[in-house]
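Morning, everyone. Have a look at the screen.

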Amino acid sequence: MSKFNIGWVGVGNMGAPMAKRLMDAGHSITVLNRPSAKTQNIIAAGASAVENTAQLASQVDYLFTMIPDATVLDEIVSGNEGLFQSTGSIPRALIDMSTIDPTGSARIGALLERSRVGYLRACVTGSTAYAENGTLGIMASGNYALYQEVLPLLKVLGNRHSWLGTAEEARVCKIIINMLLGNLMQALAESLVLGEKNGLPWDTMIDLIADSAAAAPIIKYKVDALKARDFTAMASAQMMEKDLNIALDIAKDSAVSLPETALTRQFYTAMRAEGLEGFDMSGLVLVSEMINGLRDPLQRKQE
């Protein structure tokens with residue numbers, strides 16, 4: 001595989017191990033110089049650093065992004081210090097691996113197309129452990145030739161790859177998957193609290209659910225954390241609330257009714273109202289305990 005100069009914006013919980021994998025595969029990585037520990041760690045591991053996206057864009061073959069929402073991506077592309085402000089060359093393509101709304105993504109795609117910068121939506125499924133191990137699922141949409149061009153890089157990051165179409169199909173697919181995960185967490189929370197209120201032993205109840213036909217892989221993955229009541233975020237409630245809002249916006253535009261998702265979104269909003277938005281999405285059980293009269297879950301082990 002050819003070696004490339006790669007720019008990476010967004011070295012958070014997911015982005016940092018993904019960028020590190022590309023660097024370990026022999027590619028040169030350049031990041032934005034920020035004081036965060038994860039940024040400084042990857043710089044210490046050998047990444048270069050620049051002060052803004054315009055400088056980054058002038059030095060790299062491909063620009064990868066893993067950021068919170070379309071507003072941030074828009075700033076990266078067309079902001080005062082964004083990609084379009086580069087005084088040198090510009091990347092062949094922007095490969096965005098974030099979970100953002102299709103409307104915002106399409107607007108950014110149109111801007112990039114006018115500037116002849118390729119644009120691949122390459123959304124991922126999987127947690128930080130999958131990012132570290134290179135076992136993410138990657139669903140892509142955009143120009144198919146570009147997808148084939150960067151597939152060797154995507155194979156460093158994930159072991160399952162799908163091309164879904166030429167536009168925003170990857171965005172929609174990522175949202176429907178996250179929508180299902182959010183709804184599963186609400187169903188799990190209600191099941192746990194019903195059992196808890198009726199005296200079932202917490203650890204045994206979790207084991208039996210995880211051993212049942214109802215146990216999706218995400219539930220099995222949460223067993224140890226739920227037993228310990230450790231709600232350290234692998235995927236935060238704040239991010240899930242954002243994704244369910246996107247799902248409901250897509251549904252509105254598509255004339256699709258999503259009553260269960262609309263209700264589940266309210267429970268994630270309740271987590272934010274209680275100051276729990278930084279907790280893991282499985283923390284919905286805390287809200288269910290609160291409204292069902294169990295002792296204050298914030299006084300129990302974990303949090």
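Gly 158 sits in strand S8, residues 158–163. Strands here are DSSP runs of E, at least two residues, and helices are runs of H or I, at least four, both numbered from the N terminus. This is a predicted model: local features need pLDDT of at least 70, side-chain atom pairs count only at pLDDT 80 or more, and totals for chains, interfaces and linings use all residues. Residues are numbered from 1 along each chain as its sequence is written, and side-chain values use heavy atoms, with hydrogens and water left out.

Is Gly 158 buried or exposed? Buried, at a relative accessible area of 3%. The cut-offs: under 20% is buried, over 50% exposed, partly exposed in between, with a 1.4 Å probe and protein chains only.

What does Gly 158 touch, leaving out residues up to four places away in sequence? Gly 134, Thr 135, Leu 136 and Ile 138. Contact means heavy atoms within 4.5 Å. Then take Val 124. It is 34 residues from Gly 158 in sequence, yet 8.3 Å away in space, C-alpha to C-alpha.

Now the cavity. That is a set of points on a 1 Å grid over the protein atoms alone, where a 1.4 Å probe fits but cannot get out; lining residues have an atom within 4 Å of a point. Points join across faces, edges and corners, and volume is the space filled by probe spheres set on them. The count is 1 cavity of 30 Å³ or more. Helices H9 (202–210) and H11 (223–227) each give two or more residues. H9 gives the most, with 3.

Conventions. On a 1 Å grid over the protein atoms alone, a cavity is a set of points where a 1.4 Å probe fits but cannot get out, and a pocket is an open set with protein on both sides within 12 Å along at least five of seven lines; lining residues have an atom within 4 Å of a point.
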